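Please keep the sequence and the structure in view while reading.

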Amino acid sequence: MKNLLNIIIFCCLILGLNLNAKESYSMNFDKETKGLIRKFLVYKNPSWVGKVVNKESKEYFFVSPKSMLEFYFNPQKWPDANIKTQDEIKELIVTDYSTLKAINAKKAYYVYGSNKISPAGDDLPAFKTYEEAEKFAKNNNGKRVLSFKELKNSLIQLLNGRI
């Protein structure tokens with residue numbers, strides 16, 4: 001009985017350590033890397049870069065979160081990427097606008113309506129924390145801070161001037 005209890009405690013500790021493992025993402029682009037949609041060189045504006053990784057670990061870069069989301073909502077529009085549905089996407093990564101660190105796009109916060117524009121025009125600067133996004137919004141006339149779940153294709157169309 002004592003051995004069983006020790007095994008259970010050991011397993012809980014191991015699982016607990018894995019659950020708290022720090023996520024690490026990278027933006028491993030170079031001076032030749034172009035965005036999938038707008039074909040601009042991504043290194044010129046590092047605070048805006050987004051990346052999609054498919055199930056085969058192939059990476060596609062974007063000049064901004066808006067461009068990445070445009071792809072995310074309609075991947076079949078770019079057949080060269082060979083991604084037909086969102087289920088075929090392994091990772092969505094954006095650059096934290098203030099730290100330039102790569103972060104999980106699905107856990108990020110986005111500022112709508114700020115006076116900062118990306119190479120793709122009106123955009124959604126991304127931040128790791130709500131507090132940083134809120135601070136940026138206050139300093140740059142941002143209208144609203146949105147979580148990933150609040151982002152919709154209609155918002156991307158609006159930002160692109162298609163509504």
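Two strands are said to pair if DSSP finds at least two bridges between them. The model examined here is a predicted one. In this model, β1 and β2 pair in the antiparallel sense, over four bridges. One of the positions in this pairing is lysine 51, whose bridge partner in β2 is phenylalanine 61.

An open sheet is formed by four strands in the order β2-β1-β3-β4, and their pairing is antiparallel. At the edges stand β2 and β4 (102-104), each of which pairs on one side only. From one strand to the next, the twist averages 25°. As a general principle, strands of a sheet pair through backbone hydrogen bonds, either parallel or antiparallel.

Which strand does β5 pair with over four bridges? The partner is strand β9 (residues 144-147), and the sense is antiparallel. Within this pairing, tyrosine 112 stands opposite arginine 144 in β9. Strand β5 is also joined by two bridges to strand β8 (residues 126-127), again in an antiparallel run. There, tyrosine 109 has phenylalanine 127 of β8 as its bridge partner.

The next element to consider is helix α2 (residues 65-73). This helix lies across β1, β2 and β3, and runs at about 165° to β3. How many of the nine residues of α2 are buried? The count is nine of nine, so the helix is mostly covered, where buried means under 20% relative accessible area. Among these buried residues are Pro65, Met68, Leu69 and Phe71, but also Lys66 and Glu70.

In soluble globular proteins, nonpolar side chains tend to be buried together. The largest nonpolar core of this model has 28 residues, of which Phe71 and Tyr110 touch the most other members. At least two residues of this core come from each of β2, α2, β3 and α4. The largest share, five residues, is supplied by α2. Another core, of nine residues, lies apart from the largest one, and Val42, Val53, Val63 and Ile93 are among its members.

Is valine 94 buried or exposed? Its relative accessibility is 0%, and therefore valine 94 counts as buried. When residues up to four places away in sequence are not counted, valine 94 touches, among others, Met27, Val49, Pro65, Met68, Ile103 and Tyr110. Valine 94 and lysine 107 are 13 residues apart in sequence, while their C-alpha atoms are 10.0 Å apart in space.

A pair of aromatic rings is described by the distance of the centres and the angle of the planes. With ring centres required to lie within 6.5 Å, the count comes to ten aromatic pairs. In one of them, the rings of phenylalanine 29 and phenylalanine 61 have centres 6.0 Å apart and planes at 80°, so the pair is edge-to-face. This pair links distant parts of the chain, for phenylalanine 29 is in the loop between α1 (2-19) and β1 (50-54), whereas phenylalanine 61 is in strand β2 (residues 59-62), 32 residues apart. Phenylalanine 29 is partly exposed, at 22% relative accessible area, while phenylalanine 61 counts as buried at 7%. The rings of phenylalanine 62 and phenylalanine 71 have centres 5.4 Å apart and planes at 40°, so this pair is tilted. Both phenylalanine 62 and phenylalanine 71 are buried.

Two loop residues complete the account. Lysine 39, in the loop between α1 and β1, is not a glycine and yet has a positive phi, near 60°. Asparagine 82, in the loop between α2 and β3, likewise has a positive phi of about 55° although it is not a glycine.

Definitions and conventions: Residues are numbered from 1 along each chain as its sequence is written. This is a predicted model: local features need pLDDT of at least 70, side-chain atom pairs count only at pLDDT 80 or more; totals for chains, interfaces and linings use all residues. Side-chain values use heavy atoms; hydrogens and water are left out. Rings of Phe, Tyr and Trp (its six-membered ring) pair if their centres lie within 6.5 Å; planes under 30 degrees apart count as stacked, over 60 as edge-to-face and the rest as tilted. Buried means under 20% relative accessible area, exposed over 50%, partly exposed in between (1.4 Å probe, protein chains only). Contact means heavy atoms within 4.5 Å. Axes are lines fitted to C-alpha atoms, for helices over the stretch in contact, and angles run from 0 to 180 degrees between N-to-C directions. A nonpolar core is a set of buried Ala, Val, Leu, Ile, Met, Phe, Trp, Tyr and Cys residues joined through side-chain atoms within 4.5 Å.
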